[in-house]
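Subject: Structure handover

Hi,

Here is the structure for you to look at. My notes on it follow below.

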Amino acid sequence: MRIDFSLYLVTGRELLPPGKEYLESLEEALQGGVTVVQIREKKSDTLEFLEIARDSKILCTKYKVPLIINDRIDIALAVQADGVHLGQTDMPVHVAKTLLPAGTVIGVSCNDIDHVKKAIEDEVDYVGIGAVWGTTTKKLTNPIIGVRGVGPLLQALDGTDIKAVAIGGINSTNVLRTLHGSVSTSGHRLDGIAVVSDIVASSAPRSAAQRLRDSIDAWVHHFDVEPQVYDAETIKNGVVKLMQVIRDKSPLIHQITNIVVTNQSANATLALGASPIMATAPEEMQDLSRIPGGLLINFGTITNKDSMILAGQYANEAQKPLVFDPVGVGATQFRKTTASELLNAWQASVIKGNAAEMAALVNSTEVQAKGVDSVGSGFVDPASFIREIAKKERCVAVMTGPTDWVSDGTIVVKLENGHKILGDITGSGCLVGTCVATFCAGASLLATGPETSPGPEPAMLVRGNMLIGAVGGLLALTVAAECAAERSDVHGSGTFLPALIDELYHLKPENVLSRAKIQVL
């Protein structure tokens with residue numbers, strides 16, 4: 001049986017709002033676009049479960065939507081359900097197959113790679129992967145895997161016909177993050193999302209289902225679009241255009257950054273033509289997300305984790321660029337854990353770090369860290385490495401060093417501008433993050449011009465070309481550094497920093513076009 005798993009509703013009568021009857025809610029959800037219904041009744045006796053399943057079957061048949069029964073093979077047989085869903089401690093799949101009619105759909109819950117491998121061995125029809133987010137609708141017996149934990153499980157399904165849905169705490173505010181962030185490095189995406197409370201607990205389940213369905217359909221369409229083709233000239237001209245947008249529009253660059261670089265980061269932002277704000281109070285995050293611009297989260301000094309989580313989530317909702325700079329992430333286990341928590345909480349538009357920081361994000365030992373610095377000769381194949389990080393994290397990845405590397409997971413851009421004196425000032429890497437966030441904000445503003453439709457774009461977590469934004473930020477700082485180092489009034493690191501800010505202030509398109517050393521690989 002061929003099933004559209006796009007919007008998979010799991011029922012939970014205990015969640016119904018006051019005055020809402022179960023069948024009324026179910027029918028409205030079906031009218032809103034639910035494509036599969038699973039009846040879950042963990043606390044009902046057999047007769048009550050049977051009556052609920054029969055009534056649900058009538059409605060699902062009316063709307064030509066498959067009905068799945070959770071756990072209970074006897075109920076599925078009694079109502080001639082289209083399928084059953086089994087947990088890891090429920091009846092084994094091979095036993096269920098001996099009891100059920102041929103063609104009955106069988107799904108299983110999976111929380112780790114071993115569960116998926118067993119599901120493949122059992123030749124199930126689909127798997128439910130989770131819990132992806134925290135949930136109160138079910139007592140969890142396994143750890144939350146997070147959005148970034150879904151991709152490896154999907155990749156294990158490569159080459160099979162088994163479908164996959166994500167479950168656990170999914171709602172209209174995190175559905176795009178869930179769909180986008182869970183794609184595997186092999187390009188394997190979810191076939192759908194399973195939802196409970198966002199629909200069942202709603203007083204308007206039809207609208208709730210429709211919102212989710214619109215987001216899912218739009219994202220799938222966007223996912224299937226062919227990636228953009230670039231060459232060096234296209235990128236350079238795109239950067240120059242962003243320089244003008246930033247000067248004209250002065251976007252607000254909200255920076256939650258470390259105390260070492262706050263002043264120079266703010267000055268660099270102003271020099272580029274943007275407006276800085278270094279707000280850290282959680283109470284300010286939602287209001288700031290509504291102002292056009294970009295967000296930089298730099299955790300060189302991790303003292304505002306709650307604000308970082310809130311700011312990132314609100315930025316995703318507002319489709320604003322979010323640049324993440326995991327400073328010194330490999331230095332301590334606390335930093336590694338915090339980075340993972342942040343990256344599961346929201347979707348970064350750009351992740352920027354030196355070789356050691358990027359290696360630590362993916363648990364590579366090829367490059368080592370000394371505090372916040374990278375040591376050693378770097379990666380043997382940096383182009384392949386940065387491309388894989390971009391694929392894994394589902395964003396633009398930037399790796400800084402004597403040579404800078406940028407990738408969107410498809411192409412890689414190699415940049416060879418800059419000056420060695422940049423390494424002799426405190427926070428030069430943090431300044432890159434500021435410049436990248438500023439240019440990404442420019443890209444976002446360019447993409448939300450008067451010719452674009454108002455309101456959020458249902459398929460995206462960010463508007464604008466983040467690859468060109470990232471390259472623009474790198475070029476702005478590295479070209480300005482070259483100009484500053486050539487000045488006669490620069491005698492060392494103490495005179496270089498103010499000269500660098502000056503050169504950012506005076507940076508002209510012709511400087512970038514003539515000096516940019518770009519290769520598209």
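This is a predicted model.

S207 sits in helix α9, which covers residues 205-223. Its relative accessibility is 39%, so S207 counts as partly exposed. S207 and E284 are 77 residues apart along the chain, and 30 Å separates their C-alpha atoms.

**Helices α1 and α2**

Next, a helix pair. Helix α1 takes in residues 22-32 and helix α2 residues 46-62; their axes come within 10 Å. The crossing angle is roughly 25 degrees. That is under 35 degrees, so α1 and α2 count as roughly parallel to each other. The crossing of α1 past α2 is right-handed.

Which residues meet there? From α1 come Y22, L23, L26, E27 and L30. From α2 come I52, D55, S56, L59, C60 and K62. Sorted by class, this contact has seven nonpolar residues, three charged and one polar.

E28 also belongs to α1. Is E28 buried or exposed? The relative accessible area of E28 is 18%, and the cut-off for buried is under 20%, so E28 is buried. Setting aside neighbours within four places in sequence, E28 contacts K20, P205 and R206.

**Helix α14**

Helix α14 runs over residues 333-345 and has 13 residues. From its first C-alpha to its last, α14 reaches 18 Å. That is close to the 18 Å expected at 1.5 Å a residue.

Which residues of α14 are buried? They are R335, T338, A339, L342, L343, N344 and A345. What do these buried residues pack against? Their helix partners are α7 (175-181), α13 (305-318), α15 (355-361) and α16 (382-393). Their strand partners are β12 (322-325) and β13 (350-354).

**C440**

C440 is found in helix α17, residues 428-447. Its relative accessible area is 0%, so C440 is buried. What does C440 touch? Not counting residues up to four places away in sequence, C440 touches P321, V323, V350, M466, G469 and A470. C440 and L322 are 118 residues apart along the chain, yet their C-alpha atoms are separated by 8.4 Å.

**Backbone points to check in your viewer**

- The peptide bond from G130 to A131 is cis, with omega near 5 degrees. A131 lies in the loop that links β6 (126-129) and α6 (150-156).
- Q80 has phi near 55 degrees, a positive value in a residue other than glycine. Q80 lies in the loop between α3 (73-79) and β4 (83-86). With a relative accessible area of 65%, Q80 is exposed.
- N363 is not a glycine either, but has a positive phi of about 60 degrees. N363 is placed in the loop between α15 and β14 (368-370). With a relative accessible area of 64%, N363 is exposed.

**In brief**

Helices α1 and α2 are roughly parallel, with a right-handed crossing. C440 in α17 is buried at 0%. Q80 and N363 have positive phi. The peptide bond from G130 to A131 is cis.

Best wishes

Notes: Residues are numbered from 1 along each chain as its sequence is written. This is a predicted model: local features need pLDDT of at least 70, side-chain atom pairs count only at pLDDT 80 or more; totals for chains, interfaces and linings use all residues. Side-chain values use heavy atoms; hydrogens and water are left out. Axes are lines fitted to C-alpha atoms, for helices over the stretch in contact, and angles run from 0 to 180 degrees between N-to-C directions. Helices (H or I, at least four residues) and strands (E, at least two) are DSSP runs, numbered from the N terminus. Angles under 35 degrees count as roughly parallel, over 145 as roughly antiparallel, 65 to 115 as roughly perpendicular and the rest as oblique. A crossing is left-handed if the near helix is turned anticlockwise from the far one by less than a right angle, and right-handed if clockwise. Contact means heavy atoms within 4.5 Å. Ala, Val, Leu, Ile, Met, Phe, Trp, Tyr, Cys and Pro count as nonpolar, Asp, Glu, Lys and Arg as charged, and the others, Gly among them, as polar. The expected span of a helix is 1.5 Å times one less than its number of residues. Buried means under 20% relative accessible area, exposed over 50%, partly exposed in between (1.4 Å probe, protein chains only).
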